[in-house]
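Subject: Structure handover

Hello,

Here is the structure we spoke about. Please load it, then read the notes below.

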Amino acid sequence: MAKNIHSMIRVLNEARSVAFYEMAFGLTVADRLDFPDFTLVYLSNAESQFELELTINKDRKDPYDLGDGYGHLAVSVDDLASEHARFEAAGLAPRKLVEFAPAGELLGRFFFVADPDGYQIEVLERSGRFT
């Protein structure tokens, strides 16, 4: 059986991205592999063994075109309202809190936030299938 170990995104500015993911989600650098043309930075925290891999191409000057194929990364938190307030206080510009309740049954509560490169991250409250 396969085990999910990481997801990779390309970022323009290593320091800016590392700072965002640490402030927003408590992810810290687990490993950093530097090569002549690119750097790989692996971020993780104690909540999960899953890592986010940041790829920094050293010759890249222009922002990446995220295209129309990228969806989002999702994380779960215990207290959505307090996390939303913390994101606002930190100037991370979270979007509004949403209660997703098609047909009247609450399936999930969440908000989205964009990282410095425009990648969307869904922050879900831990409940139901999102624990």
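This is a predicted model: local features need pLDDT of at least 70, side-chain atom pairs count only at pLDDT 80 or more; totals for chains, interfaces and linings use all residues.

**Overall layout**

The protein chain holds 2 helices and 8 strands. Along the sequence they follow the pattern β-α-β-β-β-β-α-β-β-β. Of the 131 residues in the chain, 33% are buried. Taken along the principal axes, the C-alpha atoms fill a box of roughly 55 × 35 × 30 Å.

**Around S8**

S8 has two pairings to look at. With S5 (73-77), the pairing is parallel and has 5 bridges. There, Val77 stands opposite Glu125 of S8. With strand S7 (108-114), the pairing is antiparallel, again with 5 bridges. Phe110 faces Leu124 of S8 as its opposite residue. S7 and S8 form a hairpin with 5 residues between the strands. Gly118 in that hairpin has a positive phi near 95°.

**Around S3**

Strand S3 (38-45) is the next one to inspect. Of its 8 residues, 6 are buried, so the rest of the structure largely encloses S3.

- S2 (residues 28-34) runs antiparallel to S3, and 6 bridges join the two. Asp31 has Tyr42 of S3 as its bridge partner. The hairpin from S2 to S3 passes through 3 residues.
- S4 (48-57) pairs with S3 in the antiparallel sense, over 7 bridges. Leu40 has Thr55 of S4 as its bridge partner. The hairpin from S3 to S4 passes through 2 residues.

**Helix H1**

H1 covers residues 14-25.

The buried residues of H1 are Ser17, Val18, Phe20, Tyr21, Ala24 and Phe25. Viewed down the helix axis, they fall within an arc of 160°, so they line one face of H1.

Is Arg16 buried or partly exposed? Its relative accessible area is 38%, so Arg16 is partly exposed; buried would need a value under 20%. Arg16 and Asp78 lie 62 residues apart along the chain. Their C-alpha atoms are separated by 26 Å.

**The largest pocket**

The largest pocket has a volume of about 560 Å³. It is lined by 23 residues, and those closest to its centre are Asn45, Glu47, Ala74, Val75 and Ser76.

Which elements each supply at least two residues of the lining? They are H1, S3, S4, S5 and helix H2 (80-89). S5 gives the largest share, with 5 residues. By type, the lining divides into 12 nonpolar, 4 polar and 7 charged residues.

Two of these elements have come up already. S3 is the strand with 6 of 8 residues buried. S5 is the parallel partner of S8.

- Ala93 has a positive phi of about 55°, although it is not a glycine. Ala93 sits in the loop between H2 and strand S6 (98-100). Its relative accessible area is 60%, so Ala93 is exposed, the cut-off being over 50%.
- Ala103 also is not a glycine, and its phi is positive, near 60°. Ala103 lies in the loop between S6 and S7. Its relative accessibility is 88%, so Ala103 counts as exposed.

**In brief**

H1 has its buried residues on one face. The largest pocket takes its largest lining share from S5. Ala93 and Ala103 have positive phi values, and each lies in a loop.

Over to you.

Best wishes

Definitions and conventions. Residues are numbered from 1 along each chain as its sequence is written. Side-chain values use heavy atoms; hydrogens and water are left out. On a 1 Å grid over the protein atoms alone, a cavity is a set of points where a 1.4 Å probe fits but cannot get out, and a pocket is an open set with protein on both sides within 12 Å along at least five of seven lines; lining residues have an atom within 4 Å of a point. Grid points are joined across faces, edges and corners, and a volume is the space filled by probe spheres set on the points. Helices (H or I, at least four residues) and strands (E, at least two) are DSSP runs, numbered from the N terminus. Ala, Val, Leu, Ile, Met, Phe, Trp, Tyr, Cys and Pro count as nonpolar, Asp, Glu, Lys and Arg as charged, and the others, Gly among them, as polar. Buried means under 20% relative accessible area, exposed over 50%, partly exposed in between (1.4 Å probe, protein chains only). Two strands pair if DSSP finds at least two bridges between them. The arc is that of the directions from the helix axis to the C-beta atoms.
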